[in-house]
Every structure is written in structure tokens, then in C-alpha cells.
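Here's a quick tour of one protein model, made for someone who is new to reading structures. Have a look at the picture and keep it handy while you go through the points below.

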Amino acid sequence: MSERRLPARPPGLAGSLLLRLTRGLFLGRGLGMGLAVGLTVLTVGVVAGLTVVPESVHAAPSAYKQPSPAIRELLDAPLPTRLLPSPDRQSVALIEQRRYTPLDELARPVMRLAGARFDPRSATPQNVVGILHLKLRPLLEPDAAERVVELPAGGLWHSFAWAPDGQRFVIARRTDTGDELWAGATSNGQLWRIYNVRLNNAIDPDDLAWLSAKEVVVLTVPDQRGSPPSRQQTGPVIQENHGKASPERTYADLLRNPADENAFEYYARSQLTLVDISSGQSRDLDKPDLFTSISAVGNGQALLTERLTRPFSYNLTFDDFPTTVEVRQRDGKVIRELARMPLKQGVAIDGALPGPRVFYASPTKDAAVYWVEALDGGNPNSRAAFRDRVMRLDPPYTGEPFEVQRMPYRFTRLRFLDDGLHALLTEEDRSRGWTRTYLLPLRGTQSRPLFEHSVRERYRHPGVPLMRTLPNGQQAVQTLGGDLLLVGQGASPRGDRPFLDKISLRDLSVQRLFQSADGVYELPLAVLDDRRLLTQREAEHEPPNLMLRETGTGGNAGRVTALTRLKDPTPQLRAVRRELVTFKRSDGVELSFWMYLPPDLKEGDRRPALVWAYPLEFNDAALASQLSGSPGRYMSFSSISPLNLLMDGYVVLMDATMPVVGDARTMNDNFIEQMTMNARAILDKAEELGAVDPRRVAIGGHSYGAFMTANLLAHTKLFRCGIARSGAYNRTLTPFGFQSERRSLWEAKDVYLKLSPLLFAQQIKEPLLLIHGEADNNSGTFPMQSERLYQAMAGLGGTVRYVLLPYEAHGYAARESAGQVQWEMSQWLKGCVGDPGSR
């Protein structure tokens, strides 16, 4: 297809400079006066159909806009109920979660320290997934009555978790003064509060360690921690480096000065507390410290803890601060210090710390502790026959550790089987994107390779281990008759069909126990015994429900019982049609998109359309051609999804594949060329299908998809306009790599400059809508990225609108923000590609 030239823009589209600026209250001031929150909206140029009223620079804050009634109805539909079976598979929790975080909650005072964001009053993360309603019922009795758990009014309920035996559960309630721990009985749904316990989830949300079915260790706020330290600066902030390379990525919310360090230490300090959820009694273990992880070892014989130590860093998040790892008695007393991991500074991209790292507590009765050590100094550029090795230390933890396995590639993951004899050990060759998994005997004999494949493999992916909760509360890989169970997506050219396989540990033969039928998406959740399988099934207009399958022989063979019967909360989407469309780009790489057609589309009608995409990297063209998704998935849209625009009459080409194919180290050298090739193929196919007007197509994306959008507008004339949300547009601001780019700015300067649409702003001739969260904390996508691109396009006379959403992070959580985003996208498309409703 030749370069697609667009028709002349509507009158006034590239008119004289119009500036509209409204100021938001970004620091929470004024919230007590009716939540007078404003949006920052700047528009240069006039897009036909978009109301742009000239205002002075000091205009009053703008009110949030409302999308069309059809979209608003979708946005306000309840979320599908979350179904959570108990570990003993006798009960199920039906959890109704809130869809939005209220704006006044997002505007609460929040601490932003060392990469963590938390409410200092309650010691909880800023944006908590709230629980509105909770019900319990027997799992295997489809007609059993539901037991409503009465959640006392006040505060925000969150973080439901089953006790290991399923007879009880725990749940937390956030209030203005703290985060409370509550427990409940499965038999009757009655709740009781664990008094004298204030959870501390400031930097490690919901971390707990079960020692038995009723004893759990949690992190709590110390009783005698005193008043918060002063945040006042007492002198200059000085950083220095003495000749050691330290290629750090770009992070948000870092420590900036000694006052920040003291504040972080104050709020992050927590107490190990042992709670008996049956009696409601609790007691503190040892002294408070900066704990980031707690794990039970074996059947609760010991605890494995990790805690932060100084010096802290102004360039790294707390995850990379110096860490001391210790094994402790049940009473919290230290048995042995296992490692002091240094500050992860100066570590090469894709490298590792040179000493011990990544610690695991065995979930079985052997109660061993495992960790990984680099054999190449942690440097991926050094030549080495083996990169890593796995070490083991047995109780009573006073002897010498011994080596379990050496790996030629970098360690990825260790999963223990519930037989207590084996583990699955996974490594990855990052230079070629290749992964290998071994069956690892925990003692004695050599490991055996189980399978290996590309990290991007879909069609021949063997699946992932089926996990189960042990009686001690820990997770292990489930076995059946001594064989390994794997659950896979079952990707194919016809769509995903999940499966359950059994792999013999004796001869590694594979037997398929179950695979989802066509037209539905049925995912195995648990094997109850050798005859019964628990699955979660959904269809295009049926929300996920639990099913019981009889897989044995005899009269019940093949019987399927619906255990839950949840109804579709968005029946209006039944009129929406979708189709998986496949085609090839000019070099033969197969592409696809999901074509969604609006409810009112008539035969022969051609509509304006939005292409929504996110680029992915592949080192193999065949892998790039593999499809993803399933026509059997339940049709449900997130609150900021562009699919909501279907209700305003637009065609949406969703999840359009935008592969970049090439060598892992250099594939970005022709990023623009491959994006252009993808886009041309997408538009050609859309025109061929007949439902899309090829002269009225917009391109859009979120995060890396926004980066793609700006580059396509800067380097092609294929699209009528663009929508870019929470993106990065100046790659010199992410100089030590981005996405899968491993080279630094100084190693690949031409690539960084070429892929910075900010530097080509004069070439962006088509209208661009920029949306960003004011508090974006994603690495590399700070609001400055959108601000600078807006300023560049405005200064050069381009047509651009910039919307800054108060209090929002990389995704947008408030109901008002969701409505504004949908209104902005709909109005922008009406001005650029036309109103589908007008004939």
C-alpha cells in the first residue's frame, strides 16, 4: 500500500493559537469545600466538533465532563463478582469489589518515599482495592444458601484471605487511624476484630506468614514509635560517584534528602506480630525493624525474614536497598544471618548482585532454606560456563550450605512440588529470549530438563504448574499420583483453549486430562481428586462461573455441574459484535486485531474507527505471528478502555498486533519502519473488511502504546489523528534503557534520538490528544513527558490537547477520571474523524 494521504482537514483545524488553561488543586487543598478539584486542559488549534472556549490563563477550574449516557451506564455497571475457592475446596467466597477509588480518597495526604506510596495515617497503599460485599457458601453444593458476611459500617474493607484449612478467614479494614485485622468463621460468617493490632502495609502490602491453620505472623505498627520526624531540610543535598558505572533506570518517588530518609525509616519500621485468629490473642516477636518480607519455613518450624538496612539510595527504590536475610525461631529470635545483600547500585542492565540473592523457604516438612548465587559476578557480559547456582541450608541452620544445581543461564524461578522431593527450576537466556525448566530432585540425583522454549512462545507453550495451598498455608505445585500437573492457555490460530496436562515424573510422558471446548473459555483451577476437576468457565456474554467436572469412568463420566450462576452485569453489550481478524504485513509476518462493531452498525455501513495497540518485541518472525485471545472470553470493558466508544458508534480495532522483529539487542534500530509496516497492513485489512472508512481512522495507545502513537504521527501520514495516554516521548529522559532496549543512550544515541517523537514534533501535522495522570509513578512515563510534547507542538503551531488528571497515577482510578477520559476520546474523535451518529 502506498503512503495514505489524508483529505483536507475541517475548516479551522490548523487555525491560530488558542490556549485554554485551567488549574487543578494538585495538593489536596480545597477538598473540604465540596471537593473543588479541577483538570488542567490545554488545547492548541481547534478540532471540529470539540468545544473549545477561549479563556484567560487564570480561568476557574474546569468541571469533570460526562460521557454519553450509554457509556456512562457501562462505566457504572458493577464489576463481575470475584470467586475465591477455599484451600480445602469446601467453600467459596463471593467478593464484590468497588469499581472506583473516590477522588477524595486519592486526594488524601500520601507519602511518596523510596518508590512506595502510602497513607501515613493507616499505613496502607494509596489505592486499595475495596470490598463492598462478601458472601460465603459451600462450594460443591450448587443450591446451597449464601451466607452474607455483615461488614460493619465505617472504613474500607479489603484484602480477604482464607486460612489454610478453609475454616476461617482474615480481612482488613482501613480507617483514619489505622489498618485493622479482623477474622471470621466460614461456618456462619461471623466476624471478630483482632484488637491491639494495627497492620503496617506501607511498603509490603498484605505480607503474612501462616504458621498453622490459625496462627499467622503479620507486620504491624510498633506500639512505641513516637511522633513522625520533621520533614524540614537542614542543609544541601549532595550526591557523588567515584568512577563506578551505575546504569539506573528512571524511577518515581525516590528519596531526595536526609529528611526523606528519616521519614521512610519511621513509616517503614514494623513489628513481627504472631496472631491466633481463633482466640483473637496476639504477641510481638523480637524488636521492630524495616521488614520487607516474612515467610514460614516448612510446617511453621521457623521464619525467614528480610529487612532493609542503611545506606539508602536517592537513585533506587527500596526494593534495591541493602537487605539482611535471617532465619528465625517461631518467637522471632534470630537463629542465623544468611546474607547481607548490598545496595543494588552499579549492577549492569540484566545483571545480578554478585553474592547470595533470591531466598526461598521450603513449603514442606524438610524446612530447608534455598537461595541463588551468581557464578559470573552478576555481570551478563562476562564469559562463564555457568551463570548461577542454587544453594540449600537444612535445619537447624547451623551447618554449611551445599550446592544443589548449577545453571548455564540466569536463574528465574524455583517452585516446590507438594511431594517434598522435587522442585521446578527455571532459567533464562536473556540474550535470545529463551527459557528452560528442569525437574530438580532436592537431594541426590541430577536434574532433568523438562521443557524449553522462547519466552514469547504461545502455541507450543507447555503451561505453568497448577498450584495449591498446603495445610501450612504455603503454596506448592500440585501433583496427582506422583505426576506433575500443568495448566496452559492452549493458544492456537483459532484462539485460546485452556488445558490441563499431566506429566509423568518417571518418563516425562504427557497426558492431556482436559481442554476447553470451542466457543467458551474454561480454565482449570484445581484437581480435587482423580475424578473431579474444578474449573472457571466463561463465554462471550456469560461472566466467569465455577464448574465441577467429573472426569472418571462410569455413569458420571463427563458430567458437568454449574457451582455458581452469576448473571451478566452488562447485557447491553450483547448487541456488540467482535471478530478475530488475521492478515499479513508486507514481509509475511502475520498480524491480527479484534474488530469490535458498534450495536447500531448496519450492513454496508462504513464507520470511522480507532486502532488501539501496544508494541511487543520478538526475535523470531514465527513467534510474532502467533495469535492471542479467545472468542470465548467474557466481554467486559475496563473503565478507561477505548472499547466503551462502541456505544458512541465507533468501530474499534482492539489489540492490533504491532510486533518488532529482530535481534534482541538491535531490533529497535528499525522500530519506525516496522511500526509503519504494521500500520499499513492494519489499514489495508480494515478497508477490505468493509465496516471501516479508511480515510477516517485514528491511532491510539496507553503507555508504550502512546509512545508508538506519537511516533506513527511523526513519521507517517496514515492516520487522521491520535490519542496518546500516559506515554513517554523523549527517550533521552530514559537514558539507561526502556521497554526491552538494553543499550544506553550513549551506546545507541541515534536510536534514542530517532525514537523520540518530541524531536520530530514539527512533523506531527495531525491532531494529537495527550492524557496523563498527574501522579504517574511508572518508570519513565512522568507527566513531564506529555507536558514537553504539548509545549513543543504548541510552540510549532500543531493541533494538540493536553489533559492532566489530578491525583491519578499510570492508570486512572476515579469515577470522574474515567468519565473525563471517555468524554475526551469521544469528542476528539468526533472532531477528527467525524460523528458516527451523523449521516
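Ala-123 is buried, with a relative accessible area of 7% (buried means under 20% relative accessible area, exposed over 50%, and partly exposed in between, using a 1.4 Å probe and protein chains only). Keep in mind that this is a predicted model, where local features need pLDDT of at least 70, side-chain atom pairs count only at pLDDT 80 or more, and totals for chains, interfaces and linings use all residues. Residues are numbered from 1 along each chain as its sequence is written, and side-chain values use heavy atoms, with hydrogens and water left out.

- Most residues other than glycine have a negative phi, and most peptide bonds are trans.
- Ala-123 isn't a glycine, yet it has a positive phi of about 55 degrees.
- You'll find Ala-123 in the loop between strand 5 and strand 6 (helices, H or I with at least four residues, and strands, E with at least two, are DSSP runs numbered from the N terminus).
- Asp-253 isn't a glycine either, and its phi is positive at about 60 degrees.
- Asp-253 sits in the loop between strand 14 (215–220) and helix 3, and it is buried, with a relative accessible area of 15%.
- Two peptide bonds to look up are Arg-310 to Pro-311, which is cis with omega near 5 degrees, and Pro-395 to Pro-396, also cis with omega about 5 degrees.
- Pro-311 belongs to the loop between strand 18 and strand 19 (323–328), while Pro-396 belongs to the loop between strand 23 (388–393) and strand 24 (402–407).

**A hairpin**

- Strand 2 (residues 82–85) and strand 3 (residues 91–97) pair in the antiparallel sense over four bridges (two strands pair if DSSP finds at least two bridges between them).
- Strand 2 and strand 3 make a hairpin with five residues between them, and Arg-89 in the turn has a positive phi of about 60 degrees.
- Leu-83 has Leu-94 of strand 3 as its bridge partner.
- Leu-83 and Pro-85 are on the covered face of strand 2, with Arg-82 and Leu-84 on the uncovered one.

- Three strands form an open sheet in the order 4-5-6, with antiparallel pairing.
- Strand 4 (111–113) and strand 6 (124–125) are at the edges with a single partner strand each, so one side of each has no neighbour in the sheet.
- Strand 4 and strand 5 (residues 116–119) run antiparallel and are joined by three bridges, with Leu-113 opposite Ala-116 in strand 5.
- Helix 3 (residues 258–268) packs on this sheet by touching strand 4 and strand 5, and its direction makes about 110 degrees with that of strand 4 (contact means heavy atoms within 4.5 Å; axes are lines fitted to C-alpha atoms, for helices over the stretch in contact, and angles run from 0 to 180 degrees between N-to-C directions).
- Helix 3 is largely enclosed by the rest of the structure, because eight of its 11 residues are buried.
- Among those buried residues of helix 3 are Asp-260, Glu-261, Phe-264 and Tyr-267.
- The buried residues of helix 3 pack against strand 4, strand 5, strand 15 (270–276), strand 16 (281–289) and strand 18 (302–308).
- Ser-270 is in strand 15 and is buried, with a relative accessible area of 1%.
- Leaving out residues up to four places away in sequence, Ser-270 touches several residues, including Asn-200, Leu-219, Pro-222 and Phe-291.

**Two crossing helices**

- The axes of helix 5 (residues 671–689) and helix 6 (residues 704–715) come within 10 Å and cross at roughly 85 degrees.
- That makes helix 5 roughly perpendicular to helix 6 (65 to 115 degrees counts as roughly perpendicular, under 35 as roughly parallel, over 145 as roughly antiparallel, and the rest as oblique).
- Residues in this contact include Phe-671 and Met-675 of helix 5, and Tyr-704 and Phe-707 of helix 6.

**Nonpolar cores**

- The largest nonpolar core has 67 residues, and those with the most contacts inside it are Met-658, Phe-719, Leu-770 and Leu-789 (a nonpolar core is a set of buried Ala, Val, Leu, Ile, Met, Phe, Trp, Tyr and Cys residues joined through side-chain atoms within 4.5 Å).
- Apart from it lies another core of 44 residues, among them Leu-75, Leu-645, Leu-769 and Val-803.
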